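Please find below some notes for a colleague who is new to this structure. They are numbered and can be read in order.

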Amino acid sequence: KNRIRTFARTVLVTILAGGGYVIWRSYEQRHPGEQLPHDPKLPTVVVLGNGWASTAFLKELDNSGYNVVVISPRNYFLFTPLLPSVTVGTLSARSILEPTRFLTRHLKRKTEVYEGEVYEVDPEKKTVRFVDNSEIKGEVDGTEISYDYLVYAVGAENQTFGIKGVKENACFLKEVWDAEKIRTRIVDCIEAANFSGQTQEEIDRLLSFVVVGGGPTGVEYAGELHDFLMEDLGNWYPDLADRIKITLIEALPNVLPMFSKQLIDYTMSTFQENKINVQTKTMVKEVQEKKLIAQNEKKELVEYPYGLLVWATGNTARQVTKDLMNRLSSTQNSRRGLLVDEHLRLLGSDGIFALGDCTATNYAPTAQVASQQGRYLARVFSKLHKKELLLKELEQAKQVGAEPAKLDSLANAVIRASNIAPFHYSHQGSLAYIGSDKAIADLPVFQGNLAAAGLATYYFWRSAYISQLFSLRNRLLVGTDWLKTKVLGRDVSRA
Ligand code: FAD
Ligand code: NAI
């Protein structure tokens with residue numbers, strides 16, 4: 001009896017403590033304190049973008065020594081690893097968004113945040129020009145701003161390799177509106193197939209969901225689509241669900257080339273079990289409104305009729321980045337992205353740091369790399385500020401004729417603050433969800449690699465991502481969505 005009572009008491013205390021923590025954190029988040037005002041004497045840091053790199057930078061930054069301005073066409077951070085779950089309604093879009101103001105309002109000094117798209121960076125004049133490209137505009141919808149330091153992290157855009165018809169006919173999976181568009185189109189295709197008198201051939205086309213690109217984006221989306229089909233669509237469209245066909249087309253001999261061989265095999269066999277038709281060594285050549293044309297291993301042209309086509313073939317540089325490269329063409333000669341040194345300084349420029357997917361480095365374009373670079377750069381800025389303060393102190397000490405020992409110690413401190421270690425990437429492993437409650441993980445352990453797959457890895461995947469979400473608010477929303485999906489299923493309304 002005593003044991004039961006102790007256990008019950010422990011559970012109660014844990015629940016109360018957990019609840020108290022949530023309430024306290026939520027209150028603290030919703031009631032930010034006073035911030036230091038803008039100080040014209042301080043250097044201005046302009047941050048372009050609010051994706052993984054910039055958000056990690058802002059989160060870690062002590063901006064008491066800087067006036068910070070953030071410019072991005074969207075006013076929120078998007079947690080991309082969970083974006084494929086939004087395409088089928090496992091998660092709702094807003095659960096993985098975090099308004100940038102929620103973050104900047106907690107910084108030490110007041111920070112300006114502008115929703116705008118930068119279209120020109122002038123590295124000589126040290127200015128950026130940006131416009132309001134949203135639907136509603138005021139009288140002023142374009143302006144120029146000067147910087148002392150520029151943190152350039154605008155990410156990349158979807159790679160199409162200039163293949164005819166892709167931009168006009170395919171859906172991409174990069175932004176939250178892409179995921180919402182896919183979600184609507186899936187249901188739209190099924191409703192169109194269900195329309196009275198639809199021909200058999202047209203039903204098959206409408207129920208053909210094709211994914212191009214066997215990288216992690218394409219694989220995760222195919223896995224989520226399979227779950228939607230098995231767990232929900234089968235109940236609500238029993239006559240059509242069996243005819244839904246998921247096809248994944250990949251140009252290389254394997255999907256997921258960045259994962260270890262056994263995980264690639266595991267993914268392929270899971271997809272086979274799940275009746276996801278994987279066509280490797282098949283290169284898409286042209287996309288038309290209702291079908292795509294691909295070249296297979298035997299160099300034959302094969303047609304794939306589709307109702308919905310999702311295109312996930314990686315990244316390419318944005319126009320604003322290409323323009324910046326052209327301005328610095330003597331040093332910026334990589335077609336993959338911006339070249340930086342080991343401190344993330346943009347080659348050929350003064351005061352510009354570039355990080356994340358817009359750069360061409362030895363690292364893969366991942367959130368992991370971008371966020372580590374963002375955190376690193378925040379530490380660089382702290383050191384730069386510290387150095388500034390020490391230099392001032394040294395100057396004052398010289399003016400008042402301080403003792404040589406004091407001057408020496410200050411000079412040494414300046415040297416230490418100037419000594420900034422280069423960026424070092426620490427790989428924490430690769431994770432991907434592949435559908436039917438299975439995930440794969442390549443994890444670095446000691447000097448080797450641990451490859452894990454299956455249900456336990458799926459729970460690890462979930463806990464890893466929930467812990468990486470940037471706020472308690474997002475964690476609660478994502479957790480609630482997962483529970484809702486399990487208990488109530490996914491919604492099939494075409495809202
Ligand atoms: P982004 O996060 O793309 O941010 C770029 C920012 O720049 C955005 O805020 C954008 O609005 C802004 N911007 C764009 N144009 C302009 C402009 N002209 N002016 C100003 N601002 C501009 N990586 C992982 O490590 N693990 C994963 O599980 C994973 N899953 C993914 C799933 C999907 C579906 C996708 C698409 C990507 C995934 N990635 C994952 C990759 C990861 O999202 C990127 O590597 C990461 O977002 C790069 O961060 P970034 O800050 O460079 O760019
Ligand atoms: P990717 O570059 O990783 O893969 C694209 C795939 O498309 C390649 O395998 C390529 O061979 C194929 N392809 C290109 N052209 C083709 C064509 N014409 N026909 C058929 N196939 C074609 O791109 P993805 O998946 O968009 O990922 C982008 C970045 O984001 C990567 O660095 C990736 O690691 C990261 N990411 C990581 C995730 C994770 O860790 N779980 C999830 C999603 C993305």
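1. Two strands count as paired if DSSP finds at least two bridges between them. Strands (E, at least two residues) and helices (H or I, at least four residues) are DSSP runs, numbered from the N terminus. With these terms, Val-445 stands opposite Gly-448 in strand 22. Strand 21 and strand 22 are joined there by 7 bridges in the antiparallel sense.

2. The model is predicted: local features need pLDDT of at least 70 and side-chain atom pairs count only at pLDDT 80 or more, while totals for chains, interfaces and linings use all residues. Residues are numbered from 1 along each chain as its sequence is written, and chains are lettered from A and ligands numbered from 1 in the order in which they are written. The pLDDT is the predictor's confidence in each residue, from 0 to 100. For the protein it averages 96, and 100% of the residues score at least 70. The predictor gives the complex an ipTM of 0.98 and a pTM of 0.95.

3. The domain bounds come from an automatic or database domain assignment. That assignment lists domain 1 (1-31), domain 2 (35-156 + 317-382) and domain 3 (166-316 + 428-488). Taken over C-alpha atoms, the centres of domain 1 and domain 3 are 39 Å apart.

4. Which residues come nearest to ligand 1? They are Gly-49, Gly-51, Gly-155, Gly-356 and Thr-366, out of 33 residues around the ligand. A residue is near a molecule or strand if its C-beta atom, placed from the backbone, lies within 6 Å of it. Helix 2 (52-60), strand 2 (67-72), helix 3 (83-86), strand 6 (117-122) and helix 11 (367-399) each supply at least two residues of this shell. Domain 2 and domain 3 both give residues to the shell around ligand 1, so the shell lies between them.

5. By class, the shell around ligand 1 has 17 nonpolar, 11 polar and 5 charged residues. Here Ala, Val, Leu, Ile, Met, Phe, Trp, Tyr, Cys and Pro count as nonpolar, Asp, Glu, Lys and Arg as charged, and the others, Gly among them, as polar.

6. Ligand 2 is surrounded by 29 residues, and the closest are Gly-213, Gly-215, Pro-216, Thr-217 and Gly-314. Their classes are 17 nonpolar, 10 polar and 2 charged for the shell around ligand 2. Helix 8 (216-236), strand 14 (283-287) and strand 20 (430-435) each give at least two residues to the shell. Helix 8 contributes the most, with 4 residues. At least three residues of the shell around ligand 2 come from each of domain 2 and domain 3.

7. Strand 1 (residues 44-48) runs parallel to strand 2 and is joined to it by 5 bridges. The bridge partner of Val-45 in strand 2 is Val-68.

8. An open sheet of 4 strands has the order 13-12-11-17, and its pairing is parallel. Strand 13 (276-279) and strand 17 (308-311) are at the edges with a single partner strand each, so one side of each is left without a neighbour in the sheet. Strand 11 (residues 208-212) pairs with strand 17 in the parallel sense over 4 bridges. Within that pair, Val-212 stands opposite Trp-311 in strand 17.

9. A further open sheet is antiparallel and has 3 strands in the order 20-21-22. Its edges are strand 20 and strand 22 (448-454), each with a single partner strand, so one side of each is left without a neighbour in the sheet.

10. Most residues other than glycine have a negative phi, and most peptide bonds are trans. Leu-256 is not a glycine, yet has a positive phi of about 45°. Leu-256 is found in the loop between strand 12 (245-249) and helix 9 (261-273), and is buried, with 24 other C-beta atoms within 10 Å. Asp-437 also has a positive phi, near 55°. Asp-437 lies in the loop between strand 20 and strand 21 (438-445), and is partly exposed, with 14 other C-beta atoms within 10 Å.

Conventions:
Buried ≥ 20, exposed ≤ 12 C-beta atoms within 10 Å, placed from the backbone.
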